[in-house]
Amino acid sequence: MNATSLRIDPVRSLVDPPASGALAVSYLRVSTREQAERGGADEGFSIPAQREANNRKAEQLGAVVVEEFVDAGASAKSADRPELMRMIQYVKANKVAYCIVHKVDRLARNRSDDVAIHLALQQAGVMLVSATENIDQTPSGMLLHGIMSSIAEFYSRNLATEVTKGMTQKAAGGGTIGKAPIGYLNVRTTDELGREARTVELDPERAPMIQWAFKAYASGNWTVSQLHDELTSRGLTSVPTPKRPGKPLAVSSVHRMLINPYYKGDVIYRGTRYQGSHEPLVPPEVWYQVQSVLTSHKSAAEATQLHDHYLKGTVFCGACGSRLMVSNAKNRHGNVY
């Protein structure tokens, strides 16, 4: 029996599996990279569990899984996932009877993507089968598919709303959203009742250098580029992680540091300013002085030019008000004048 004849009536095989194995593909997905690496294994815990359930479903269908597609750390909010796209191309080019998923929300969490993916599978002559839900191409199965897809979309949208609500509440209470900027460390503590709390502490290695940087720049005697070079020579690097070593900051990172109100005790979330519960590294008056110096240097064209001049950025045309630029010419002998 060839693969084409095995696909004549895939619905029938749900009731009476064929003696010979039909061909199937298996699609596995977890939403975050952390889930994919949980437990220290290459695939974490969730993907092997999904694989086992999908293989078990294939056996019930009398099918053989010929190809497996795994999107590790890919959200189902978007259909633009590399392995999902590869799977759709695969079933278009090969004779496959079933696409087996652990649950329908592994494929999509919004109705438009779900319809598009399901239509692509149908056009390729492939039946979508859930390993844990009674979903197939029978009328009752398609009804359940629609219901479960709508539930998945509701879950995704509601989860995003709840996360935003929780983040807003955390910021309003002075908590730090996400990773603390350089000069601080995200730490986990446990209270006397064994409850875990996430907080922020000063980085004993980097905090003094950040404090010096703000005070130095507030004096007006440094440019951002000069400050960057000095911090690099003093050994300031980013905080290393298990996967990435610490490295010197870029000039743009130093500029972002100088304009970040977190250092004077503020937390900004979704455009709203809150009083942070962390210890400020810089007095407010120093921070505001730094902003004044940044503004004045910006108007004076602090950015390094090819031809430096001690009057650059300070001489303006008396007629039109435009800033005058330094311009050097070179003759045919290579002499600059």
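1. Asp203 is buried, at a relative accessible area of 2%; here buried means under 20% relative accessible area, exposed over 50%, and partly exposed in between, with a 1.4 Å probe and protein chains only as cover. Its salt-bridge partner is Arg206, and the closest N and O atoms of the two lie 2.9 Å apart. Arg206 is buried as well, with a relative accessible area of 5%. The term salt bridge stands for a side-chain nitrogen of Lys or Arg within 4 Å of a carboxyl oxygen of Asp or Glu.

2. A word on the basis of these notes. This is a predicted model, where local features need pLDDT of at least 70 and side-chain atom pairs count only at pLDDT 80 or more, while totals for chains, interfaces and linings use all residues. Residues are numbered from 1 along each chain as its sequence is written, and side-chain values use heavy atoms, with hydrogens and water left out.

3. Back to the charged pairs: the structure holds 9 salt bridges. One of them joins Arg234 to Glu230, again with 2.9 Å between the closest N and O atoms. Arg234 is partly exposed at a relative accessible area of 41%, and Glu230 is partly exposed at 24%.

4. Asp266 and Lys264 bring their side chains together in a salt bridge of 2.4 Å, N to O. Asp266 counts as buried at 7% relative accessibility, and Lys264 counts as buried at 11%.

5. Next, the hairpin. Strand E7 (residues 266-269) pairs with strand E8 (residues 272-275) in the antiparallel sense, over 4 bridges. Strands (E, at least two residues) and helices (H or I, at least four) are DSSP runs numbered from the N terminus, and two strands pair if DSSP finds at least two bridges between them. Tyr269 has Thr272 in E8 as its bridge partner. The hairpin leaves 2 residues between E7 and E8, and Arg270 in the turn has a positive phi of about 55°.

6. Ser31 deserves a friendly flag: the unreviewed UniProt entry annotates it as "active site". UniProt positions are given in the numbering used here, feature names are shortened, and annotations may be inferred rather than shown by experiment. Ser31 sits in the loop between strand E1 (22-30) and helix H3 (33-37). Its relative accessibility of 27% makes Ser31 partly exposed.

7. On the surface, Leu311, Val315 and Leu324 make up a nonpolar patch with about 220 Å² of accessible area together. Patches are made of residues with over 30% relative accessible area and no salt bridge, joining like charges within 9 Å and nonpolar side chains (Val, Leu, Ile, Met, Phe, Trp, Tyr) within 5 Å. The areas come from the Shrake-Rupley method with a 1.4 Å probe, and for residues only the protein chains shown count as cover. Leu324 belongs to the segment after helix H11 (284-299) and is partly exposed, with a relative accessible area of 44%.

8. Helix H11 also contains Ser296, which is partly exposed at a relative accessible area of 36%. Ser296 and Gly220 are 76 residues apart in sequence, and their C-alpha atoms are 9.3 Å apart in space.

9. Lastly, the cysteines: a search of the whole structure finds 0 disulfides, a disulfide being a pair of cysteine sulfur atoms within 2.5 Å. Cys99 is buried at 0% relative accessibility, whereas Cys317 is partly exposed at 26%.
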